[in-house]
Amino acid sequence: MELVLEVEDADGITKAALRRIAGDGGMPAAERAHAEGAVTEDTAEALAYLVDPFDLVSQVPGVELQQASWSSERIDYDPDSPEWDLDEDDVDDDSDS
């Protein structure tokens, strides 16, 4: 699965992540300080605190999440560009056709 998101309010995402961290009463102080720094410096980190990959697929029949990880990069997304091909990873290079 690959998602492309357009972030229109990075500050809002950061503030929401900071609220979630503040509301986690079980988080040790050192971990809280690290998490607050991470979400303040990187919108992708803030988003990771707000979106749970398990919640995204937990109600999909026949799907069990085995592993999830986050990575992000800034791109110039143009859905009409021929260079943006969502199926490029699905091509089987070893096929004889």
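User: What is the order of the elements in the protein chain from the N terminus on?

Analyst: The model is a predicted one. Its protein chain has 97 residues, and the secondary structure comes to 4 helices and 0 strands. Read from the N terminus, the order is α-α-α-α.

User: Which residue forms a salt bridge with Asp11?

Analyst: Side chains of opposite charge can pair when their charged atoms come close. The structure holds 1 salt bridge. Its N and O atoms are 3.1 Å apart at the closest, which is within the 4 Å cut-off. The partner of Asp11 is Lys15.

User: In which helix do Asp11 and Lys15 lie?

Analyst: Asp11 is partly exposed, with a relative accessible area of 47%, and Lys15 is partly exposed at 45%. The two residues are 4 residues apart, about one turn of the helix. Both belong to helix H1, residues 10-22.

User: Is Thr14 buried or exposed?

Analyst: Thr14 is also placed in helix H1. Leaving aside neighbours within four places in sequence, Thr14 is in contact with Val39, Thr40 and Ala46. The relative accessible area of Thr14 is 12%, and the cut-off for burial is under 20%, so Thr14 is buried.

User: How far from Arg32 is the nearest side chain of opposite charge?

Analyst: Arg32 is located in helix H2, residues 29-41. With a relative accessible area of 18%, Arg32 falls under the 20% cut-off and therefore counts as buried. Arg32 has no salt bridge, because a salt bridge needs the atoms within 4 Å. The nearest side chain of opposite charge is that of Glu36, at 5.2 Å.

User: What is the separation of the C-alpha atoms of Arg32 and Ala22?

Analyst: Not counting residues up to four places away in sequence, Arg32 touches Ile21, Ala22, Asp24, Gly25 and Met27. Of these, Ala22 is 10 residues from Arg32 along the chain. The C-alpha atoms of Arg32 and Ala22 are separated by 7.9 Å.

User: Which residues lining the largest pocket are closest to its centre?

Analyst: The largest pocket has about 1,200 Å³ of space. Its lining consists of 30 residues. Those closest to the centre are Leu3, Val4, Leu5, Ser71 and Ser72.

User: How many residues of the lining of the largest pocket are nonpolar?

Analyst: Helix H3 (43-50) and helix H4 (53-57) each supply at least two residues of this lining. The lining includes 5 polar and 6 charged residues. The number of nonpolar residues is 19.

Key: Residues are numbered from 1 along each chain as its sequence is written. This is a predicted model: local features need pLDDT of at least 70, side-chain atom pairs count only at pLDDT 80 or more; totals for chains, interfaces and linings use all residues. Side-chain values use heavy atoms; hydrogens and water are left out. Buried means under 20% relative accessible area, exposed over 50%, partly exposed in between (1.4 Å probe, protein chains only). Lys and Arg count as positive and Asp and Glu as negative; His and the chain ends are not counted. Contact means heavy atoms within 4.5 Å. On a 1 Å grid over the protein atoms alone, a cavity is a set of points where a 1.4 Å probe fits but cannot get out, and a pocket is an open set with protein on both sides within 12 Å along at least five of seven lines; lining residues have an atom within 4 Å of a point. Grid points are joined across faces, edges and corners, and a volume is the space filled by probe spheres set on the points. Ala, Val, Leu, Ile, Met, Phe, Trp, Tyr, Cys and Pro count as nonpolar, Asp, Glu, Lys and Arg as charged, and the others, Gly among them, as polar.
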